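Grab a pencil and work through these exercises with the model open beside you. Try each task before you read its solution.

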Amino acid sequence: MRVLRVSCLLLALLAGTASTVLAEGFALNEWSARGVSLAGGMVGRADDVSALAYNAAGITQLPGTHVMGGLAFIAPLGTIGTEHATGMQYTTTKPSVWLAPHGYASYQLNDNVWLGMGVFSRFGLGNSYSGNWTGRYNLYDVGVQTISFVPTLAYKINDIFSVSVGVEALYASMYMGNKIPSAAGWPPVQRPDNDLQLEGTGWGVGAHLGLHMRFNDQWSVGLAYKSQVTVNIHGDVEFGSHEQNLLRARQHLPEARDCNAHTTLQLPDSLALGVAYKPLDNLSFEAGTVWTRWSTYNALNIYMDNGYDSISNKEWRDGWNFNASVEYKPLDWWSLRAGLAYETAVVNEKHADFFVPSSGRTILSLGTGVEWNNWTVDFAYSHLWINPVSYDETDAAGIRGDTGITGGKSENVVANIYMFSIGYTF
């Protein structure tokens with residue numbers, strides 16, 4: 001048990017480095033290098049300690065004590081084209097690399113009971129643009145990062161069925177920056193843009209449930225459910241100058257003064273299914289799907305104590321991930337992996353904004369792993385082709401209206417993911 005306590009402390013320290021990443025919607029599955037190289041095909045396999053994120057019931061396949069930790073380097077890049085009366089203007093997101101760590105520990109208590117601890121990110125997004133770009137009244141900087149702490153109990157019912165239950169404590173932080181047209185007096189006189197910056201944090205609680213069925217040496221099936229989490233974000237808003245803004249001057253609202261703010265972040269539940277087939281000891285396949293209930297994400301409304309607010313309708317639709325993967329071991333100590341996944345669009349283009357410039361994506365992943373004594377080292381590379389989203393019909397604030405933007409779309413949005421995991425068995 002001392003090993004487990006020390007491992008959990010290390011995982012908590014690792015979580016402090018979490019950052020934000022680009023994703024469809026903003027649900028993540030970068031939870032281990034092996035899992036990424038298999039395009040998430042770890043729900044039916046669930047045969048290493050990262051199963052604590054994919055399908056925790058699978059840790060009953062792991063005798064003794066196991067730990068794993070690692071890091072993903074995620075580099076998104078894309079262009080937003082905004083249409084004006086004078087033509088199209090194109091803005092490329094600022095080049096950046098986001099970090100996404102993960103860490104796990106499992107301990108076999110007896111023949112039937114396993115304990116586990118997982119630390120990983122279920123949700124996150126990050127986009128950054130120039131402060132004077134044409135879409136700055138919607139946003140020029142945004143980030144949502146989460147880190148989940150999931151203590152887990154897994155129980156082996158018999159040689160076929162295993163189940164798990166975990167309690168999730170999810171920490172979320174959010175920041176956002178956008179510009180506001182400024183004015184003073186009446187009639188209003190145009191002045192340089194004001195600047196609004198928001199930062200806030202909050203906690204939420206959820207549950208994870210898992211089922212793993214190992215029918216024989218060839219076939220296994222996994223089912224994993226992660227619950228909805230509601231996070232009440234509380235934070236501060238700071239303005240660049242304390243003047244009325246142009247859009248509110250006629251309403252005689254108070255000056256734009258620094259204040260407290262709050263919002264509710266509704267994070268969706270998900271259900272994953274994976275079917276794994278192992279025709280040979282050194283060859284396995286898995287096909288699976290993940291359903292994410294993004295239809296619960298209706299709005300992101302930020303309320304400020306000074307009388308200002310930010311109303312952002314979303315009304316997203318539910319999303320699906322379909323994945324297939326193969327793993328081959330040419331040698332006892334060396335593994336080769338590949339995976340392919342497709343994710344359906346979730347953004348409602350009637351309310352599309354610059355938070356998530358995506359309308360579905362295709363993912364191709366490759367990876368390798370080596371084993372040496374009690375050590376495992378895994379590497380993965382993944383490339384994401386992200387479908388464009390249209391802004392021709394959106395009613396999002398800061399895009400239509402007085403901004404001069406009449407439409408547009410995202411273009412050439414891609415992301416590259418480089419990832420490693422290191423594991424040890426006691």
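This is a predicted model: local features need pLDDT of at least 70, side-chain atom pairs count only at pLDDT 80 or more; totals for chains, interfaces and linings use all residues.

Residues are numbered from 1 along each chain as its sequence is written, and side-chain values use heavy atoms, leaving out hydrogens and water.

**Exercise 1.** Work out how strand β5 (residues 124-128) sits in the structure.

*Solution.* Strands here are DSSP runs of E, at least two residues, numbered from the N terminus. Start with the faces: G124, G126 and S128 point one way, while L125 and N127 point the other way. In a regular strand, side chains alternate between the two faces of the sheet. Next, check burial (under 20% relative accessible area with a 1.4 Å probe, protein chains only). Five of the five residues are buried, so β5 is largely enclosed by the rest of the structure. Finally, look at the neighbour: five bridges join β5 to the antiparallel strand β6 (residues 141-156), with G126 opposite G143.

**Exercise 2.** Find the strands that pair with β19 (residues 375-386).

*Solution.* Two strands pair if DSSP finds at least two bridges between them. Strand β18 (residues 361-372) pairs antiparallel with β19 over twelve bridges, and S365 stands opposite S382. In their hairpin, two residues lie between the strands, and N373 takes a positive phi near 50°. Strand β20 (residues 407-425) also pairs antiparallel with β19 over twelve bridges; there, F420 is the bridge partner of F379.

Conventions
Buried means under 20% relative accessible area, exposed over 50%, partly exposed in between (1.4 Å probe, protein chains only). Helices (H or I, at least four residues) and strands (E, at least two) are DSSP runs, numbered from the N terminus.
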